[in-house]
Amino acid sequence: MADLHTTNLCVQIVSTHFGPLASKIASTLLSHGRLTLPQLVRFTALKPRLVRNILLVLIQQNIIWHANSETDGSGEEVLEINADECLMRLRFGAFVYQAEELFGVAGGEIVQLILHHGKLTSPQILQRLNADATTTTFLPGEDKTPVVYSQALHKLVLLHYLKPSVASSHISPRDKRIQYEAEEKAKISGFPTSKQLREAKETVDARLRTDEEEVWKIGLKRKAKSQLPSTKKRKVTSTKEEDDMVVDETVYFRVNFDKFIIHTRNALIEKAVKERYNYGAALVVHAILKITEESQHSVADCRSDPLSISNITLHLSSEEDEETLTSGLIQSSSRTMSSGSCIKEYLGILSSADNPTPAGRAGAFLELSSKGGGSGKVQMLFDVVARRLRRQVLEGVARERHGSEGVRVVRLLMDTGKLDEKQISKHVMMPLKDVRPLLSALSASSLVSIVEVPKSADRNPTRMFYLWQVDIPKAFSYILNVLYKTLYNISARRQAEREDPMLIAVLNKRERSDVSVDVEGLLSQHEKEVLKAWEEKQEKLGILEGRVEESVFIVRDLGRAVGSLEEN
């Protein structure tokens, strides 16, 4: 079951996208956990046929998991809501925009259509888009022929922006892990040892990875022999093999969110480099991320693939790039540095080559190695950058709620570990009478936690050391709940603004066929002012929602790259 703020936000999203009846089912599943269909009907007090129809829509939209319950041996089907999939709907607009930037208008329309329907086969996608293309007038330069749609769909599947949807996709990953663990433990005779349990867990992880790899193999298939070129000798290359593959018409496809949010992560890294250094350093990082883009499969990746400096130099060979690189460095002599030399200087700066201490490595963006001679290899350190961005969010919350003194205490505990209040008072140079209430306020916000270390076995409170620390998972869980609460308030405010009777009347009038031909001339001045005020409010709420969603991305999604072992 989800917490209060996550539940409220998910219910608000489902209500906005699917209506109040669907939100009632989502609220019931979020508050009660997994339920069977009769239980869901009883808790919601809705008709069984209506509940079944709503469940079909939510399953089609990948919001609900369903599986057979094995806990009581009945094998009855149970339903569970996928909160992560529901929260991801806030980024649908960004996904469509990214698809248009990468694959053109046709790619954006394909992604938008699949997001609207949940999952579709390639004939269904092309049939709907081609039907719309015959009844729509296009802007000059827009090409929306069936061939363009087919090529864009092939690229989206080939580059893993669309992933196949199979029967196992509707089962919770936790259920699959529990099932595999039970199967592996059943193979162990007697009481299992810790080594056997560890080996069983590794086997389960390997089986889950194999299942994921098998899913990706069914999206494309080879062309029929009659469609292949009839040449006697064909040189087999990776490009030629890709040309021989076509999209499987029987497979349902859904949007692969992990591939799209990689671009969001890369944009945040470029922004951080630009703020810390300059445009030249950001250009080098952009080139590294662009070259290794196809090999980046998830934001959980800790590092990028190794890349040679010569590849970066070749990518930044235009005159405009050379001018940007040279303008960002102070040159000691009158002789202009070459672009290759500038790139090496930037790589040294970004890798903190002049500061090989732990603090320097923690502030690096990439790693530059020169093993085996040559020009060396470059790797982006996604986990290090993610840890630093998450720490900035944590310090920002501490500064907003508790001032600069709170930030000093949080930084001290994150850098040094566990300390008692006297040590904290000494290091932050604050009197003890001010440190104690500050620590209590930070503890109330879950930014710091207290640890009890007993002096004796009886755990007498009078004979204990009380140490303070920053519990990273607990602190970020609190921050994430606050961000979810803010997103819910934004959505509720937008809905309340939309329900104003005066605004509804004006919007209905604008949608009339006789008014839509000349909106400016047929609306009164007061109605224009109402529309303008509403649009300004919508714009402000959208900007605020984007900023909060960026913080959610840093806290939640980039946390996958950091892993469970946070810094202490």
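At what angle do helix 19 and helix 20 pack, and how far apart are their axes? They pack at an angle of about 115°, and the axes are 9 Å apart.

## Ground rules

This is a predicted model, where local features need pLDDT of at least 70 and side-chain atom pairs count only at pLDDT 80 or more, while totals for chains, interfaces and linings use all residues. Residues are numbered from 1 along each chain as its sequence is written, and side-chain values use heavy atoms, with hydrogens and water left out.

## The chain as a whole

The chain has 26 helices and 13 strands; these are DSSP runs numbered from the N terminus (helices are H or I with at least four residues, strands are E with at least two). Its C-alpha trace spans about 75 × 75 × 75 Å along the principal axes.

Of the 568 residues, 41% are buried (under 20% relative accessible area; exposed is over 50% and partly exposed in between, with a 1.4 Å probe and protein chains only). As for contacts (heavy atoms within 4.5 Å), take those between residues at least 6 apart in sequence: 65% of them join residues at least 24 apart.

## Helices 19 and 20

Back to the opening pair: helix 19 covers residues 421-428 and helix 20 covers residues 432-444. The axes are lines fitted to C-alpha atoms, for helices over the stretch in contact, and angles run from 0 to 180 degrees between N-to-C directions. The two helices are therefore roughly perpendicular to each other (65 to 115 degrees; under 35 is roughly parallel, over 145 roughly antiparallel, and the rest oblique). Their crossing is right-handed, as the near helix is turned clockwise from the far one by less than a right angle.

Helix 19 brings Glu421, Lys422, Ile424, Ser425 and Val428 to the contact, and helix 20 brings Leu432, Val435, Arg436 and Leu439. That set splits into five nonpolar, one polar and three charged residues (Ala, Val, Leu, Ile, Met, Phe, Trp, Tyr, Cys and Pro are nonpolar, Asp, Glu, Lys and Arg charged, and the others, Gly among them, polar).

## Helices 18 and 19

Helix 18 and helix 19 also pack at about 115°, with axes 10 Å apart. That makes helix 18 roughly perpendicular to helix 19, and this crossing is right-handed too.

Here Arg408, Val409, Leu412 and Leu413 of helix 18 meet Ile424, His427 and Val428 of helix 19. By type, the contact has five nonpolar residues, one polar and one charged.

## Nonpolar cores

A nonpolar core is a set of buried Ala, Val, Leu, Ile, Met, Phe, Trp, Tyr and Cys residues joined through side-chain atoms within 4.5 Å. The largest has 131 residues, and Ile110, Ile312, Ile424 and Ile479 touch the most other members. Helix 18 (residues 382-416) supplies the largest share, 14 residues.

Leaving out residues up to four places away in sequence, Ile110 touches Ile125, Leu129, Tyr149, Ala152, Leu153, Leu156 and Leu162. There's a second, separate core of eight residues, including Val506, Val515, Leu523 and Val530.

Ser449 is in strand 12 (residues 449-454) and is buried, with a relative accessible area of 8%. Not counting residues up to four places away in sequence, Ser449 touches Leu467, Trp468, Gln469, Asp471 and Lys474.

Ile188 lies in the loop between helix 9 (173-186) and helix 10 (194-216), and at 19% relative accessibility Ile188 counts as buried. Its C-alpha atom is separated by 46 Å from that of Phe92, 96 residues apart along the chain.
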